[in-house]
Amino acid sequence: MKYTEEDYLSLDPFQGDEAELSCHTVKMKKARKQHKCYSLDGKQDHFIEKGETYRYEKALVDGSFFGEYRMCLKCLDEWLDELYGEEID
């Protein structure tokens, strides 16, 4: 991992959304199977492969449905690079 687990967990991909979240969980996990990555720009169509570490987020949204999101380390690193003003390869 390029950054600390705390750095990855502190990111908020939904900052500014006005949804009410409850039963909110955010943690780092290791994939036991392939998952689609919820990329930041919405343009990338890629997967988190078995054995890779990723950020997992789940919450009850507006009391009506559970949202579940997974983001790969590459996307997280790019996000943090941008926040910290580093060059993106």
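**Close-up views of cysteines, aromatic rings and lysines**

**View A. C23 counts as exposed, because its relative accessibility is 55%.** The model shown here is predicted. Over the whole structure, a search returns 0 disulfides. C37 takes part in no disulfide, and the cysteine sulfur nearest to it, that of C72, is 3.7 Å away. With a relative accessible area of 3%, C37 is buried.

**View B. The rings of Y3 and Y84 form a tilted pair.** The ring centres of Y3 and Y84 are 5.6 Å apart and the planes meet at 50 degrees, so the arrangement is classed as tilted. Y3 belongs to the segment before helix 1 (5–10), whereas Y84 belongs to helix 2 (residues 73–84), so this pair ties together parts that are 81 residues apart in sequence. Y3 is buried, at a relative accessible area of 10%. Y84, by contrast, counts as partly exposed, at 46% relative accessibility.

**View C. Y3, Y8 and Y84 are linked into a cluster by ring pairs.** The count for the structure comes to 3 aromatic pairs, and the pair of Y3 and Y84 is tilted.

**View D. K36 lies over the face of F47.** The distance from K36 to the ring centre of F47 is 6.0 Å.

**View E. K58 lies over the face of F66.** Here K58 is placed at 5.1 Å from the ring centre of F66.

How values were computed: Residues are numbered from 1 along each chain as its sequence is written. This is a predicted model: local features need pLDDT of at least 70, side-chain atom pairs count only at pLDDT 80 or more; totals for chains, interfaces and linings use all residues. Side-chain values use heavy atoms; hydrogens and water are left out. A disulfide is a pair of cysteine sulfur atoms within 2.5 Å. Buried means under 20% relative accessible area, exposed over 50%, partly exposed in between (1.4 Å probe, protein chains only). Rings of Phe, Tyr and Trp (its six-membered ring) pair if their centres lie within 6.5 Å; planes under 30 degrees apart count as stacked, over 60 as edge-to-face and the rest as tilted. Helices (H or I, at least four residues) and strands (E, at least two) are DSSP runs, numbered from the N terminus. A charge sits over a ring if NZ of Lys or CZ of Arg is within 6 Å of the ring centre and within 35 degrees of the ring normal.
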